[in-house]
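Trainee: Please take me through this structure one feature at a time, with the general idea ahead of the case.

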Amino acid sequence: MKFSPKAIFFDWDHTLWDHDRNASEVIQELLAELGLLDAISHSSAVTWKEFQRINDALWDDYQHGRIDQKTLRDTRFVRFFEALGIQGDAALFSDLYLERTPRKTNLIPDAFQVIETLSAKYPLYILTNGFDDIQHVKISGVGMTHFFERIITSEVAGCKKPAAQFFEFALEQADCLPSEVIMVGDHPIIDVQAAEALGITAVHLNFRAEEVNAKIQIGQLAELLDLFE
């Protein structure tokens, strides 16, 4: 079965933009530039995993409304420094991270080609919980803004995925019914289950081959092209 929707919704981070590679590059660059590497006894891989653990937990709290944007930004590198035993200016590190990371241009493999191909036939929308000031820089930086009808962030929608209101807002913007769109994302709950709960067909980009209940799963972005007419 191939789809011919009125619009396609895409998540951004981890789905099209390679967040992990971009963020890890910036963290290593900043640790070196600020003279903090000698204070860390861990390998770069362990250092990155520690950041992931802290960042993922804070983002989970943010996406479920337990903390706000300021708390996430103010807390992230304080905890990171504490976990690694670093004595340094966490606030400066955070400011530099927020300035540089969005300007990194590493994409998930085949992302540009897939979006370029699909945009020639379908209206495309970005649906992201990422912050408005950051996401526009990321998308513009990789030269993909013109492929999308609109970039819908949680700040624009007034709520965050997986809230039904977020998807309802996006449907209004696209002037579509749930049955007329496809949602594509990497998160089995926030992107996929939340969309399916509203009657939106969702495609899970299951890069890690995790055991999930998504009805439609693919392992690589390029496989998307086989799903559309």
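Trainee: Which residue in E4 does Phe10 stand opposite?

Mentor: Phe10 stands opposite Val184 in E4. Before going on, note that this is a predicted model, where local features need pLDDT of at least 70 and side-chain atom pairs count only at pLDDT 80 or more, while totals for chains, interfaces and linings use all residues. Residues are numbered from 1 along each chain as its sequence is written, and side-chain values use heavy atoms, with hydrogens and water left out.

Trainee: How do I read strand pairing here?

Mentor: Strands of a sheet pair through backbone hydrogen bonds, either parallel or antiparallel. Helices (H or I, at least four residues) and strands (E, at least two) are DSSP runs numbered from the N terminus, and two strands pair if DSSP finds at least two bridges between them. In this model, six strands form an open sheet with parallel pairing, in the order E3-E2-E1-E4-E5-E6. Strand E3 (148-153) and strand E6 (216-218) are the edge strands, each pairing on one side only. Strand E1 (residues 7-10) pairs with strand E4 (residues 181-185) in the parallel sense over four bridges. Strand E2 (residues 124-128) and E3 are also parallel, with five bridges, and Leu127 stands opposite Ile152 in E3.

Trainee: What kind of unit do E2, helix H6 and E3 make?

Mentor: A crossover is right-handed if, with the strands pointing away from the viewer, the path from the first strand over the helix to the second runs clockwise. E2, helix H6 (residues 132-141) and E3 make a right-handed β-α-β unit.

Trainee: How many residues does the largest nonpolar core have?

Mentor: Such a core is a set of buried Ala, Val, Leu, Ile, Met, Phe, Trp, Tyr and Cys residues joined through side-chain atoms within 4.5 Å. Buried means under 20% relative accessible area, exposed over 50%, and partly exposed in between (1.4 Å probe, protein chains only). The largest core has 30 residues, and those with the most contacts inside it include Phe10, Leu16 and Phe228. Helix H5 (111-119) is among the elements that give two or more residues to this core, and the largest share, four residues, comes from H5. A second, separate core of 27 residues includes Leu58, Leu72, Phe80 and Ala90.

Trainee: Is Leu16 buried or exposed?

Mentor: Leu16 counts as buried because its relative accessibility is 0%. Leu16 is in the loop between E1 and helix H1 (19-33). Contact means heavy atoms within 4.5 Å. Leaving aside neighbours within four places in sequence, the contacts of Leu16 include Phe10, Ile115, Phe148 and Leu221.

Trainee: How many salt bridges does a search of the whole structure find?

Mentor: Side chains of opposite charge can pair when their charged atoms come close. The criterion for a salt bridge is a side-chain nitrogen of Lys or Arg within 4 Å of a carboxyl oxygen of Asp or Glu. The search finds 14. One of them joins the side chains of Asp11 and Lys161 (3.0 Å, N to O). That pair links distant parts of the chain, 150 residues apart. Asp11 is buried at a relative accessible area of 7%, and Lys161 is buried at 2% relative accessibility.

Trainee: Which residues are linked in a network of salt bridges?

Mentor: Arg21, Glu25, Glu29 and Lys104 are linked in such a network.
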